[in-house]
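Reader: Before we look at the model, could you take me through it one feature at a time, giving the general idea and then the case at hand?

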Amino acid sequence: MEILDTSSKLQVERNYFKVRVVILWFIPVVLYFIFKALHWSGGNILLIFGTGGFSAYLWSGLYFLKAKHSFNTALSILAAIWLMFLCYGAFLNRGIPFNTKALMIYLVVFSIYFIIYFLIFQKRFKKSNLKVNDQTAIK
């Protein structure tokens with residue numbers, strides 16, 4: 001019985017947490033460092049948009065996986081630290097490294113993508129529950 005539970009757990013984790021999406025959201029963060037190294041403008045907005053979407057994906061996955069996926073949990077903790085760092089800079093350090101406008105942009109991007117990912121995950125969750133219920137009814 002335990003082997004079946006473990007394999008179904010891995011299947012559920014694969015349905016919700018995809019490393020490809022994490023890599024896609026990490027691209028703007030890498031571009032931020034390239035923009036900073038070349039002294040181009042626009043790097044900060046890339047960082048804010050990238051981390052906003054990245055955090056939304058991680059936290060919505062954390063909600064549905066109930067903190068059982070260790071990689072997602074670790075990255076979600078880093079996303080929470082990043083949010084605290086943004087709040088620290090905006091409210092306690094006179095806008096260094098990011099001011100309140102950047103924090104508001106982050107929160108708007110985070111909210112939009114969190115709602116989108118939450119709806120997508122909820123749809124997948126309902127489909128996987130229907131499949132599991134159908135399989136148990138057959139047995």
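Author: Let us begin with burial: a residue is called buried under 20% relative accessible area, exposed over 50%, and partly exposed in between, with a 1.4 Å probe and protein chains only. In this protein, buried residues make up 32% of the 139 residues. This is a predicted model, in which local features need pLDDT of at least 70 and side-chain atom pairs count only at pLDDT 80 or more, while totals for chains, interfaces and linings use all residues. Residues are numbered from 1 along each chain as its sequence is written, and side-chain values use heavy atoms, with hydrogens and water left out.

Reader: How many helices and strands does the protein have?

Author: Helices (H or I, at least four residues) and strands (E, at least two) are DSSP runs, numbered from the N terminus. The protein has 5 helices and 0 strands, so that the order from the N terminus is α-α-α-α-α.

Reader: At what angle do H2 and H3 pack?

Author: Two packed helices are described by the angle between their axes and the distance between the axes. Axes are lines fitted to C-alpha atoms, for helices over the stretch in contact, with angles from 0 to 180 degrees between N-to-C directions. Helix H2 (residues 19–37) and H3 pack at about 160°, with axes 8 Å apart.
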